[in-house]
Amino acid sequence: MSATAGATAFTARIGRIEISATMAINNEATTLRSQGVDLVDFGAGEPHFATPEHIKQAGIEAIQKNFTKYTAVAGIKELREAVTARHKQDFGSNYSFEESIVTTGGKSALFNAFQVIIDHGDEVIIPVPYWVSFKDMVEFCGGKCAFVATRADEGFRLTAAMVEKALTPRTKIILLNSPNNPSGAVVSPEDLTAIVKLAASRGIYVMSDECYVYLDYTGRPFSLGSLTEYKDSLLLMGSLSKTYSMTGWRLGFALAPKAVIGQLQKLQSQSTSNPTSIVQKAGLVALTASQQCVADMRAEYIQLRERIVSGLRTIPGVKCNMPEGAFYAFPDVSEIAARAGINTTELTSRLLRDGHVVGVPGEAFGLPGHIRFSYATSASEIDRGLERVRGFFASL
Ligand SMILES: Cc1ncc(COP(=O)(O)O)c(C=O)c1O
């Protein structure tokens, strides 16, 4: 059999998706580092903090106590109860533990929920800019993305009227991600409520990816779960990754109607099974112990946000909104790209090769003309990176 005949043996669905753009950039950065190049890394989509000590200790203790066997597929009951109790306390939701499932990171909650709800030809409304994986997750199921553009000069504001225009009879899900990766934009509680009411009136779901909900700097963090009367229309996706700096542990959850949880449980039982047992014990402590570590990390992000945004705003040709949440700045660099006669993928690639700063091009998030810079790093790295960006842009 020829090499090409072998390649055609892959499924149509795997052919519909691409390797994550952030992974491709990380690979390029790793190659440069291995050649001894000193890079400033604004590429990472994860906190720079160590996992808090008490959470690590809980994981160690779980191993020492031999809590190392299979658990219930949907997670141990104490953890599911802790997830719903914390959510109730922080956002006024009223989920029972049967309306929850714990998953291998927020990503698997999202991936599995799409598998359960989206069939061939079904549509998912996705505001732009969007997190890199949403599009591929939907297309992997054979679904279609209906993109809704938001504007940088309107702070990427999403309204119910914008969503309504994108609705068709095939719409199954309105996907929201507030605070947003990559823009850091926060949808106001009023707009969120209007969107949920719209979805409920059409009998479709709002899937809300709330993995940055604790990194909201507006002073009024909001989860759709607080709209308890619309519970039947909501699929809430959560993660401990960013909140507790636990990205490598892989722990997330979904809160949804019991029937949906039943389907997620079925899919999880035939794929990953339970999230790692020792990680569940660590997650239990993360959710039930003092939340001071979350407040401390949030306070530091607020300072880092000011530092990177005020620095970016002094670079000629760069326009930057003040992000209201998450840990990304998403400046408009279209003027610089145009001056150099290249697109932002090429600009980001040259910034890496020649300027030695890692960023992610707006193309990965459906919005060319921008670059995402993660400010989850030290203040001194932000300063070093800003000087390099300034120097490199000036050289074009
Ligand atoms: C918007 C968004 N959703 C979900 C995830 C997945 O997080 P995890 O699988 O680590 O919980 C990420 C991670 O970068 C994200 O940015």
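Biologist: Happy to be looking at this with you! How many bridges join β11 to strand β12?

Modeller: This is a predicted model, where local features need pLDDT of at least 70, side-chain atom pairs count only at pLDDT 80 or more, and totals for chains, interfaces and linings use all residues. Residues are numbered from 1 along each chain as its sequence is written, and side-chain values use heavy atoms, with hydrogens and water left out. Strands (E, at least two residues) and helices (H or I, at least four) are DSSP runs numbered from the N terminus, and two strands pair if DSSP finds at least two bridges between them. β11 and β12 (residues 371–374) run antiparallel, and the number of bridges joining them is two.

Biologist: Which strands stand at the edges of that sheet?

Modeller: The sheet is open and has three strands in the order β9-β12-β11, with antiparallel pairing. A strand with a single partner has one side left without a neighbour in the sheet, so the edge strands are β9 (328–329) and β11 (360–361).

Biologist: Thanks! Which residue stands opposite Pro361?

Modeller: Let us follow the pairing across to β12. The residue facing Pro361 there is Ile371.

Biologist: Now the domains: how much area do domain 1 and domain 2 bury between them?

Modeller: An automatic or database assignment sets the domain bounds, giving domain 1 (11–50 + 293–394) and domain 2 (54–288). Buried area is the accessible area (1.4 Å probe) that two parts lose on being put together, summed over both. Carbon and sulfur atoms hold 61% of the total, which is about 2,900 Å².

Biologist: Which element gives the most residues to the side of domain 1 that touches domain 2?

Modeller: In contact (heavy atoms within 4.5 Å) are 34 residues of domain 1 and 35 residues of domain 2. Across this interface there are 17 residue pairs in polar contact, both at pLDDT 80 or more; such a contact is a pair of N or O atoms within 3.5 Å, one able to donate a hydrogen and the other to accept it within protein, and residues adjacent in sequence count only if both atoms are side-chain atoms. On the domain 1 side, α2 (12–15) and α12 (292–313) each supply at least two residues. With seven residues, the element giving the most is α12.

Biologist: One last thing: which residue forms a salt bridge with Lys172?

Modeller: A salt bridge is a side-chain nitrogen of Lys or Arg within 4 Å of a carboxyl oxygen of Asp or Glu, and the structure holds 23 of them. For Lys172, the closest N and O atoms are 3.0 Å apart, and the partner is Asp122.
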